[in-house]
Amino acid sequence: MLTVTGVFRSAGARQILDDVTCRVPAGSLVGLLGPNGCGKTTLLRVIARLTTPDAGRVTVGGDDVATLSRATLARRAALLAQHADTDLDLTAIEVVLLGRTPHRRSRWSDSAADRAAADDALARVDLDGYADRRWHTLSGGERQRVQLARALAQQPRLLLLDEPTNHLDIGHQLHLLHLVRRAGITTLAALHDLNLAAMFCDTVVVLAAGRVVAAGAPAEVLTPQLLADVYGVHADVVPHPATGSPTITYHPPAS
Amino acid sequence: MAAAAEDLRRRLNTGTLLVLLLAALVGSIGAAVTVGPADISVSTVWAVVADRLRLGDADVPLLREHIVWRLRLPRVFGAAAVGGGLAAVGAVMQTLTRNSLADPYLLGVSSGASLGAVAVLVVGLGSGVAALTGGAFAGALAAFAVVVTVSGRRAVLAPTKVVLAGVAVAQLCAAATSFVIIWVADPHATQSITFWLSGSLARVDWAALAWAAPVLAAVLVLLAVHARTLNAFAFGEDAAATLGVPVTRVRWLLLVATALLTAALVAVSGAVGFVGLILPHAVRFLTGADHRRLLPAVVIAGAIFLVWVDTAARTLFAPRELPVGVLTALLGVPAFVMLLRRREVGR
């Protein structure tokens, strides 16, 4: 579904992405992991064509993104950013309807199909009845769910998530990723929390200093050795008592 | 208050709101033409218009016909055009720069216009309305071109750079204008600069309107076509890009179009402040932030607003006349302060 091949990107003398190659198979949820500044956000921006790579190729659904029009790309891939905010006084349904922008036929009115897609998207993030709620009255968790509904209303084949749970409490973090999983769309998600990644992702890709240092099933990749190499932390990895997914417990730094 | 606005918003559908506003605009124009030192009735106005459009053959005294056709009608239509145009430009600039304090003069256009008009006077190209309007228009466009050049190629990525360049160019033009005024020490030029800086509709005639009207019509159509696209800018330019909007192209197209319209309006009336800043916020209370409702409503509301403010400006202290920009500032500053306070409360 998504392939990234030999992508380079530098800023000044610093190499932000250094020969990144990875793929996201159709239907899977892939976690993009790595410490701050390792290039996760830049990689997502390159995939969404917000940043131009110095070299390399990104294909979504078989087509090089550089050859697609913005509107075509927006119908294939939707991005959910870390933190979206606006000064404008919008209602939840108006925000969700923004997701119909790349599908619109008319320059002026919303079609019945647009309305139906927006209503359906709100239901899929468990926000039925929130259509007329104003953006400013929503909690952080609700805002991210409205943004997820906006992304779903784009009816994309690929969902790109840039640390979407960063500002949320643990209940909302679990709920949001559960909704993403339930939506059943091929997803590449940059995540900070390794336990959440291990719980929800089919595979994970680990970036360090712009290079892919490991990729595979969470149980194979998230080893104490890798955590020490990449994050510089000591940790134990044990199977989750209920699900069996790897669960990481950290040790305090040796003083 | 917010809840009341919301309630009102839900009850007024877009069509009803626009019909109401349009009726109010027609009524305001009709009423404003009859207000003034010479007592003129609605039927006189109608007779003059019918006569001019060769729809009837009225017997109106020449002086009254002159007052209606030469003085009041162009002035009232000028107020409507300037008010509606500035309000629309303000709404679009606020969206494009994601800055709710943006206004039509942000890009140095008004200072460029005054420099252009003063330069025309000083160089001696003429002092008629056509020469001054042309000079103001050229000055405004030149200032905008400098803003674009100064902000450079990278400005494609950073709208804040364009705004900062606008501020710098505005200061430069103001300094150059002051220098010219002092250097020439011509009372004519001094009078002119006051006019361009504070804004006044006293000079509007049909010739000036004939300049501005086509620009106004064309730009308003362009904005209407982009209303839905502008909605996509609500969460910023990157968000708009991932929604399929060709952000760079749309931004430049709309910035150039609104600069052009501002230049045409400044050439008619000088820099009338606060209309473009305050009206969009007031109208959003009624329409919400969706540009498909906001843009048509804000144009009509801006027109109504300036028609009445200008009527007040020419009659409140008759026979003396206030520059209309003085009155819009008197009304605009308290509204601006309220806006700032509301933003603080909203945080």
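Predicted model: local features only at pLDDT ≥ 70, side-chain atom pairs only at ≥ 80, totals over all residues.
Reader: Why is A:Ile170 called exposed?

Author: The cut-off for exposed is over 50% relative accessible area. A:Ile170 has 52% relative accessibility, so A:Ile170 counts as exposed. This residue lies in helix H6 of chain A, which covers residues 170–183.

Reader: Which residues form a nonpolar patch on the surface with A:Ile170?

Author: A:Leu174 and A:Met199 form the patch with A:Ile170, and together they have about 260 Å² of accessible area.

Reader: What makes the contact between A:Asp85 and A:Arg143 a salt bridge?

Author: A salt bridge needs a side-chain nitrogen of Lys or Arg within 4 Å of a carboxyl oxygen of Asp or Glu. In this pair the closest N and O atoms are 3.6 Å apart, so the pair meets the definition of a salt bridge.

Reader: Which parts of chain A does that pair tie together?

Author: A:Asp85 lies in the loop between strand E6 (77–80) and helix H3 (92–98), while A:Arg143 lies in helix H5 (residues 140–153), so the pair ties together parts that are 58 residues apart in sequence.

Reader: What makes A:Asp110 and A:Arg115 a salt bridge?

Author: Their closest N and O atoms are 3.8 Å apart, and a distance within 4 Å is what the definition asks for, so the pair counts. A:Arg115 is partly exposed because its relative accessibility is 42%.

Reader: Which residues are linked with A:Asp110 and A:Arg115 in a network of salt bridges?

Author: The network also holds A:Arg100, A:Asp114, B:Arg228, B:Asp290 and B:Arg292. A search of the whole structure finds 21 salt bridges over all chains.

Reader: How do you know that strands E1 and E4 of chain A pair?

Author: Pairing needs at least two bridges between the strands. E1 (residues 2–11) and E4 (residues 55–60) of chain A have 5 bridges, in the antiparallel sense, so they count as a pair. Across this pairing, A:Phe8 stands opposite A:Ala55, and A:Thr5 has A:Arg57 as its bridge partner.

Reader: What makes E4(A) and E5(A) a pair?

Author: They are joined by 2 bridges and run antiparallel; the requirement is at least two, so they pair. E5(A) covers residues 63–64, and A:Asp64 there is the bridge partner of A:Thr59. The hairpin of these strands has 2 residues between them, and A:Gly61 takes a positive phi near 60 degrees.

Reader: How many bridges join E1(A) and E2(A)?

Author: There are 7 bridges, and the strands pair in the antiparallel sense; E2(A) covers residues 14–24. A:Cys22 in E2(A) is the bridge partner of A:Val4. This hairpin has 2 residues between its strands, and A:Gly12 in the turn has a positive phi of about 65 degrees.

Reader: Which residues have the most contacts inside the largest nonpolar core?

Author: They are A:Leu2, A:Val4, A:Leu43, A:Ile47, A:Leu148, A:Leu188 and B:Leu306, in a core of 187 residues. Helix H4 (residues 62–96) of chain B gives the most to this core, with 17 residues. Leaving aside neighbours within four places in sequence, A:Leu148 has several contacts, among them A:Leu80, A:Val125 and A:Leu176.

Reader: How many helices and strands are there in chain B?

Author: Chain B has 15 helices and 0 strands. Of its 347 residues, 53% are buried.

Notes
Residues numbered from 1 in each chain as written. Chains lettered and ligands numbered in written order. Heavy atoms only, no water. Core = buried A, V, L, I, M, F, W, Y, C linked by side-chain atoms within 4.5 Å. Buried < 20%, exposed > 50% of the residue type's maximum accessible area, 1.4 Å probe, protein only. Helix = DSSP H or I, 4+ residues; strand = E, 2+ residues; numbered from the N terminus. Contact = heavy atoms within 4.5 Å. Patch = residues over 30% accessible without salt bridge, like charges linked within 9 Å, V, L, I, M, F, W, Y side chains within 5 Å. Areas by Shrake-Rupley, 256 points an atom, 1.4 Å probe, with all protein chains shown as cover.
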